[in-house]
Structures are given as structure tokens and as C-alpha cells.
Amino acid sequence: MKVTVSAPANIAFLKYWGARDLSLAIPENASLSMTLEKARATTSLSWHPAQTNGVSDHILLRDAQGTPAPAPPPFAARMVEHLRRMKQAFGRTGHFEITTGNNFPTGAGLASSAAGFAALAFGVAKLWDLPQDPQSLSVLARDSGSGSATRSVLGGYVRWPDPPKESAAGARSIFPAEHWELHDVIALVETGEKSVSSLEGHRRATTSLHFPARQEHLDARREGMERALLERDFSALAPLIEEEAIELHLIAMSSRPPIFYWNPGTLEVIHRVRALRAEGVSAAFTMDAGANVHVICESSSKRDVVSALQGLASVSGIFEDHVGTGPRVEATE
Ligand code: PMV
């Protein structure tokens, strides 16, 4: 049996940064994200049960033109490890043939691991007919070790873990996509692989002297964001999104040894977004573990944001996305 599924990236408003158990992606703090619609990983999976036991999983990665080639070893190894955990958890023997690819740059702070591992978990759940309620699906995705994948199996605005104090719990969509159509205009100032993986960033996070102080105010920031989402109050949401983005990078920059994800283009975009706001355009910047800047805005501001970013020397491309509904089945055979 073969299934092709796709799953979106997501952009965290409140970041997962630092883990109690990194290999199982048990987070130090609750996070909150917006699931995207267009930035997706598309993954075809076929499952060859028991009689082929002993054959290893076969992973292909589509390049930018859509041509499949053997996946780079570290990437393939992470997928094979996730498959191994799922086989063990559900007592299955056999092997997978998998072809996967993203429609956006990989490893550049655009949550490619979130989309990729969410698609993998969702595809396996479909092939094996596993429970597909939000908790089960999100925990299946989390077992990849990519915490942000936990949120990408659900649509709309997603909180993980839920309840927030139960660090081993799965995710929950707290508002559906239809609740509020927010946009994410992604300014690409770097398209290569980032130099320090988010896994390494999580590992170093607790070495920052600012890490304990961060934990103390995160609940209040999350509650403020949830209230702003509930009331669709962009002017309340924007400063919270920005202070959280700055703090993620403050922790990274003050880790031992420090991590600098920003480049001069990141700052150019940040300054432009601040100037836009002074001109009356409501928009807020955020960055994940990379240099690229996600500019969150309402529909009414989107055109102004896109044209402002297009005018910047360091922006090599713009990816326009918006809140989306989560993974879907693309084809079955
Ligand atoms: O899911 P990971 O392990 O790649 O970590 C994600 C880290 C951030 O993107 C920086 C924050 C987040 O919550 O998505």
C-alpha cells in the first residue's frame, strides 16, 4: 500500500527552546504556533511488512526540481530512527520506501524538520491505521525528536504541550485557522543550511545565564498571546511576538559557546518592520533558529509588507504564507 501525504511548516509565536529530554523532545516550556498552509513537506510512503524484515528503510529526497536522489546520510538517519521508534512502539516488522521533499529551503529556520517529521508521522498513521486524534498524532510526530513537528500535525493556532504544565503531553489546536486569517511573509536573507542545528541550540540553551529568568515570565507571555488571539487584537499580539523572538536569540547568543543565527539582512528586515509600524502598518517580526525573518501581519497590511520587503537589498526572496489547516492526504494507491 502506498500513500502520499503533505504537512505544513509552522511558525512559533512562543518558542520551544531547551528540553528536559532532548531525544524525546520533552520541552522545558510550552510553545504556541501558527500552522502555515503553503510551506509544506510532501512525502510518499510505501510499507512492506514482515516478509521483508531485515531490509532497511529506503529514503529519497526530492531536489528543487522534484527529482528524487538518495537523502544525505544525517537526514536519512533521523528519518530511519523515527521509523524504528514507531515500528517498536506498534510492534511492526518490515521496511518503508519513502520519497520526501519540501517546497521551501531546507535547514534555514523555516521549520523544515517540523513539516518533514509531521508528514512522516501522519503518513505512517494513515498506512497503519493508527489513532489520529490530536494527542495521538502529535505525540507520534514528537517521537521524531523534532518538537516543532508535534505542532505541525494540527491546523490553526496550536499549543504544545497541552495542558501546558504536562511536558509529556501532545499538542492541541486552541483556535482553528478560520478564527483569524493571519499571514506570514517570510523574508529570505539566507537560503543555505544554518551553521548550528536547532538540536544543538536546545542542548546549549540551559547554559545561558538568562535561561532561568526566561522561564519565569513565559506563562504570562503565553497567556497574553492567547488572549490577543482570542480577541483578534493585533496590537496586543505584535509586541509579545517580537519580545519572544528577541529573547530566543538572546538565549542563543548568550549560550556557551554562543550561537549567532542573525546576519546583517536579519537586522535590515527588523528595522524595516519597526519603521513600517511607525508608518501605521501593523506587522510583527519573528525568527526561528535561523537568519530569515517571518513577518506576521493581518490581511489588510500584507500588500504594504510585501512591497516594503521587496525593496530591501538583503532580501533575496519572499515566501508568502498564511494560517493553514494542517496535514492532508494527497493520494493513495
Ligand atoms: O523542533 P526543533 O527541535 O527543530 O526546534 C524548534 C526550535 C524553534 O524553531 C526555534 C522554535 C519552535 O518552537 O519552533
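In this predicted model, Glu-333 touches Met-1 and Lys-2, once its neighbours within four places in sequence are set aside. Glu-333 and Lys-2 stand 331 residues apart along the chain, yet their C-alpha atoms are separated by 5.3 Å. Glu-333 belongs to the segment that follows strand 14 (328-332). With a relative accessible area of 71%, Glu-333 is exposed, because the cut-off for that word is over 50%.

Apart from residues within four places in sequence, Leu-182 is in contact with Phe-13, Met-34, Tyr-157, Leu-229, Phe-234, Leu-237, Ile-296, Cys-297, Glu-298, His-322 and Val-323.

A pair of helices comes next. Two packed helices are described by the angle between their axes and the distance between the axes. For helix 6 (residues 211-230) and helix 7 (residues 234-253), the angle is about 155° and the axes are 10 Å apart. Helix 6 is therefore roughly antiparallel to helix 7, since an angle over 145 degrees counts as such. The crossing of helix 6 past helix 7 is left-handed. On the side of helix 6, the contact is made by Phe-211, Arg-214, His-217, Leu-218, Arg-221, Gly-224, Met-225, Ala-228 and Leu-229. Helix 7 brings Ala-236, Leu-237, Leu-240, Ile-241, Glu-243, Glu-244, Glu-247 and Ile-251 to this contact. By type, the residues of the contact comprise 10 nonpolar, two polar and five charged.

Helix 3 (residues 134-142) has Leu-137, Ser-138, Leu-140, Ala-141 and Arg-142 as its buried residues. An α-helix has 3.6 residues a turn, so residues three or four places apart point the same way. The cover over the buried residues of helix 3 includes strand 3 (26-27), helix 1 (73-90), helix 2 (112-128), helix 4 (147-152) and strand 8 (157-160). Helix 4 is also where Ser-148 is found. Ser-148 counts as buried because its relative accessibility is 17%. Not counting residues up to four places away in sequence, Ser-148 touches Asn-10, Tyr-16, Ser-113 and Ala-114.

Finally, the backbone itself deserves a look. A cis peptide bond joins Trp-160 to Pro-161, with omega about -5°; Pro-161 sits in the loop between strand 8 and strand 9 (172-175). Arg-256 and Pro-257 are likewise joined by a cis peptide bond, with omega about -5°, and Pro-257 is placed in the loop between helix 7 and helix 8 (264-278). Ala-25, in the loop between strand 2 (19-21) and strand 3, has phi near 50°. Asp-129, in the loop between helix 2 and helix 3, has a positive phi of about 55°. Are these two residues buried or exposed? Ala-25 is buried, with a relative accessible area of 0%, whereas Asp-129 is exposed, at 65%.

Key: Residues are numbered from 1 along each chain as its sequence is written. This is a predicted model: local features need pLDDT of at least 70, side-chain atom pairs count only at pLDDT 80 or more; totals for chains, interfaces and linings use all residues. Side-chain values use heavy atoms; hydrogens and water are left out. Buried means under 20% relative accessible area, exposed over 50%, partly exposed in between (1.4 Å probe, protein chains only). Helices (H or I, at least four residues) and strands (E, at least two) are DSSP runs, numbered from the N terminus. Contact means heavy atoms within 4.5 Å. Axes are lines fitted to C-alpha atoms, for helices over the stretch in contact, and angles run from 0 to 180 degrees between N-to-C directions. Angles under 35 degrees count as roughly parallel, over 145 as roughly antiparallel, 65 to 115 as roughly perpendicular and the rest as oblique. A crossing is left-handed if the near helix is turned anticlockwise from the far one by less than a right angle, and right-handed if clockwise. Ala, Val, Leu, Ile, Met, Phe, Trp, Tyr, Cys and Pro count as nonpolar, Asp, Glu, Lys and Arg as charged, and the others, Gly among them, as polar.
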